[in-house]
Amino acid sequence: MGNRTALVTGASDGIGLEFSDILAARGYDLVLVARREDKLNEVSAKLSQKYGINCTVMAADLSEPQAAQILFQRTCGQNLQIDFLVNNAGLLHNGFFTELGLAEQERMITVNVLALTSLSHLYANDMATREKGYILNLASLAAWMAIPNQNVYAATKAYVLSFTQALADEMKAANNGVVVSALCPGYTATKMMDNPDQGAKLRIAPNMMMSAKEVAELGIKGCLAGKSAIVPGAANKITAAITRLFSKTLLTKLVGSFYRNNMD
Ligand SMILES: NC(=O)c1ccc[n+]([C@@H]2O[C@H](COP(=O)([O-])OP(=O)(O)OC[C@H]3O[C@@H](n4cnc5c(N)ncnc54)[C@H](OP(=O)(O)O)[C@@H]3O)[C@@H](O)[C@H]2O)c1
């Protein structure tokens, strides 16, 4: 029997880079997906040398039409069976809704929601025929609340959480061996927290952030353990629990005030 293979989107940076390292350490061969091919080639060379696994680089822009279908065909074309899919690639745009560009917001919805849904559909079907597989979808703590000045991003993550939990239940009820989980990190120290391309900058103290490695480790562990929703870290768990104590209206007011006061 050959090695198992994991496909990680957004593998060139941040949490996706850590997912790739952790899965390679567990013996998975990797399919690395992101836009920057040069970065993916570096990751591929490093991980294949460090762990003796096979890496395949598939540069792709998941905001392009039919990107998921094309990626699926590329993996099928190379006889790569995907045993673990990590839908990690994601975009964030901060700022007042009507002042942010419409094209950017549409791109964010396409990558965060559409590509993730299409890849889940294509690979869940394939995994179900083999009666095994794992899908880990990146939601966020933002999924638990409406966030003024980050409203489209938070809504995409609420979609990911809702979609993934429902899909996890469907797969479990079908008893088809496909395990599906949503990972809901809070602030995590990656370039997403400090990226000039993302509109306004959100000022968050470094001690309020988890490391990408810790988040990725808890995500993989939770998915392998069959959890449908994973909130990594005690502080994030407490925040998620607190959100349930407020009415949605009051919570939105409090969160809106925090974001307005902490955005440049
Ligand atoms: N950091 C946080 O605080 C935080 C909190 C909660 C949830 N999350 C979620 O965690 C996931 C990873 O975030 P991160 O913090 O690691 O972000 P990051 O450091 O900005 O990395 C994002 C990754 O996505 C890839 N990507 C972006 N646009 C893409 C596109 N159009 N097509 C293909 N790949 C694309 C990027 O690679 P290229 O630029 O090479 O394409 C990069 O590898 C995201 O879904 C994010 O929403 C992050």
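Me: Where is the place of glycine 133?
Reply: Glycine 133 sits in strand E5. Strands (E, at least two residues) and helices (H or I, at least four) are DSSP runs, numbered from the N terminus. The model is a predicted one: local features need pLDDT of at least 70, side-chain atom pairs count only at pLDDT 80 or more, and totals for chains, interfaces and linings use all residues. Residues are numbered from 1 along each chain as its sequence is written.

Me: Is glycine 133 buried or exposed?
Reply: Glycine 133 counts as buried because 23 other C-beta atoms lie within 10 Å. A residue is buried if 20 or more other C-beta atoms lie within 10 Å of its own, exposed if 12 or fewer, and partly exposed in between, with C-beta atoms placed from the backbone.

Me: And what does glycine 133 touch?
Reply: Not counting residues up to four places away in sequence, glycine 133 touches Asp83, Met127, Gly177 and Val178. Two residues are in contact if their C-beta atoms, placed from the backbone, lie within 7 Å. Valine 178 is 45 residues from glycine 133 in sequence, but their C-alpha atoms are 4.8 Å apart in space.

Me: Stepping back, how many helices and strands does the protein have?
Reply: The protein has 8 helices and 9 strands. Its radius of gyration is 18 Å, close to the 18 Å that the globule rule gives for 264 residues, so the protein is as compact as a globular protein of that length. The radius is taken over C-alpha atoms, and the rule is 2.2 Å times the number of residues to the power 0.38. Along the principal axes, the C-alpha atoms fill a box of roughly 55 × 40 × 35 Å.

Me: What percentage of the residues count as buried?
Reply: Of the 264 residues, 44% count as buried. As for contacts with a separation of 6 or more, 68% of them are between residues 24 or more positions apart.

Me: Changing topic: how many residues surround the ligand?
Reply: The ligand is surrounded by 30 residues, and the closest are Gly10, Gly14, Arg35, Gly90 and Thr190. A residue is near a molecule if its C-beta atom, placed from the backbone, lies within 6 Å of it. Helix H1 (residues 14-25) gives the most to this shell, with 3 residues.

Me: What classes make up that shell?
Reply: The shell has 13 nonpolar, 11 polar and 6 charged residues. Ala, Val, Leu, Ile, Met, Phe, Trp, Tyr, Cys and Pro count as nonpolar, Asp, Glu, Lys and Arg as charged, and the others, Gly among them, as polar.

Me: Now H2. Which of its residues are buried?
Reply: Leu40, Val43, Ser44 and Leu47 are buried in H2. Seen down the helix axis, the buried residues of H2 fall within an arc of 105°, so they line one face. The arc is that of the directions from the helix axis to the C-beta atoms. The exposed residues Asp38, Ala45 and Gln49 are on the face of H2 turned away from the buried side.

Me: What covers the buried residues of H2?
Reply: The cover includes H1, strand E2 (29-34) and strand E3 (55-59). Take leucine 47, which is placed in H2. Leaving aside neighbours within four places in sequence, leucine 47 is in contact with Ser20, Asp21, Ala24, Leu30, Ile53 and Cys55. Leucine 47 counts as buried because it has 23 C-beta neighbours inside 10 Å.

Me: How far does H2 reach?
Reply: H2 (residues 37-51) reaches 21 Å from its first C-alpha to its last, close to the 21 Å expected for its 15 residues. The expected span is 1.5 Å times one less than the number of residues. Just after H2, glycine 52 takes a positive phi of about 65°.

Me: What about the span of H5?
Reply: The end C-alpha atoms of H5 are 34 Å apart, which agrees with the 34 Å that its 24 residues should span. The buried residues of H5 include Tyr153, Leu161 and Met171. Among the elements covering its buried residues are helix H4 (102-130), E5 and E6.
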